[in-house]
Amino acid sequence: MTPDRLDRFARHIVLPEVGAMGQARLAASHVVLIGMGGIGSPALQYLAGAGVSRLTLIDDDVVEASNLQRQTIYTEADIGKAKAEAAAAWVRAFDPALAVIAHVTRIARDNAADLIADADVVLDGCDNFATRLAVSDACVKAGVPLTSAALGRFQGQVANFAGHREGEACYRCFVGDAFDAEDCDTCADLGVLGAMVGMVGAFGAMAAMRVLLEGVSTLGDPQWGQLHVLDGLKPSLRAMRIARDPECNGCGPTL
Ligand SMILES: [Zn+2]
């Protein structure tokens, strides 16, 4: 690492839980972010801030005025622009040393395998179950870990999944098949508090870092299948274990 990079990441390097080895790993990592909205924005800020050197950003939406209340990387000048491209522009301005690719597309069953192919971890902060399940199934098949971060009103859920590994659950083990056909984009109807979704996005970034640092430094304990549930109203945080479903259509024996 060059002196200016050492200086930039000095507060990580001095942390025993990350260290120089951990920072070097982050700087050699590729994260695919799905959904550049309320979760993806702060997650991207912290992952780019951590020096994750390759970032692939996937979103087919455009920035709207009503996004600015919580989607922290966008400004009024971005309204009408594709979110993936505006987010990539943010990364380039923030740290030109990072490589960023924008895909203005909806990730689905037909393109998921290509889009996540060489990721070290996929962080899914998208807004619907059909996409989440397609992404999860593609991650299991490709052997790519998945960080899932979601928010429903004041309840946040963050977990790391490794359904490709023996005995570990995938995201589909957790939610089942019930939502496959539905689009659950409910923010417009139910509302969402900006700071709450920001907390979930930051938590998701930290969960993804735990995956990247596995085997490198002590923060690298991915806690596979452990679902962290944030209740923003109390507020409180609890964890529960997601068991692998032997009949799962995502990671089960039918694959
Ligand atoms: Zn499964």
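**Entry 1: two cysteines.** I looked up C170 and C251 and found both to be buried. I note that the model is a predicted one.

**Entry 2: the zinc site.** I then turned to the zinc ion, which is coordinated by the SG atoms of C170, C173, C248 and C251 at 2.2 to 2.3 Å. The angles subtended by the four donor atoms run from 96 to 123°, so I recorded the arrangement as tetrahedral. Along the sequence, the donor residues follow the spacing C-x2-C-x74-C-x2-C. C170 sits in the loop between β6 and α8, and C251 in the segment after β8; the pair therefore ties together parts 81 residues apart in sequence.

**Entry 3: the nonpolar cores.** I examined the largest nonpolar core, which has 34 residues; V31, L33, M36, L44, L47, L55 and L57 touch the most other members. Elements giving two or more residues to this core include β1, α4, β2 and α10. For L47, leaving aside neighbours within four places in sequence, I listed contacts with V31, L33, V52, L55, L123, A205, A208 and M209. A second, separate core of 29 residues includes L115, C139, A169 and C251.

**Entry 4: salt bridges.** I found 10 salt bridges in the structure. In one of them, R8 meets D95 at 3.6 Å, N to O. R8 lies in helix α1 and D95 in the loop between α5 and β3, so this pair ties together parts 87 residues apart in sequence. R8 is partly exposed, with a relative accessible area of 37%, whereas D95 is buried at 2%.

**Entry 5: a network.** The side chains of R172 and D177 meet in a salt bridge at 2.7 Å, N to O. I noted that salt bridges with shared partners join R109, D137, R172 and D177 into one network.

Conventions:
Residues are numbered from 1 along each chain as its sequence is written. This is a predicted model: local features need pLDDT of at least 70, side-chain atom pairs count only at pLDDT 80 or more; totals for chains, interfaces and linings use all residues. Side-chain values use heavy atoms; hydrogens and water are left out. Donors are N, O and S atoms within 2.8 Å of the metal (3.2 Å for Na, K and Ca); water is not among the atoms, so sites may look incomplete. Four donors count as tetrahedral if all angles lie between 85 and 135 degrees; four count as square planar and six as octahedral if opposite donors are over 155 degrees apart and all others between 65 and 115; anything else is irregular. Helices (H or I, at least four residues) and strands (E, at least two) are DSSP runs, numbered from the N terminus. Buried means under 20% relative accessible area, exposed over 50%, partly exposed in between (1.4 Å probe, protein chains only). A nonpolar core is a set of buried Ala, Val, Leu, Ile, Met, Phe, Trp, Tyr and Cys residues joined through side-chain atoms within 4.5 Å. Contact means heavy atoms within 4.5 Å. A salt bridge is a side-chain nitrogen of Lys or Arg within 4 Å of a carboxyl oxygen of Asp or Glu.
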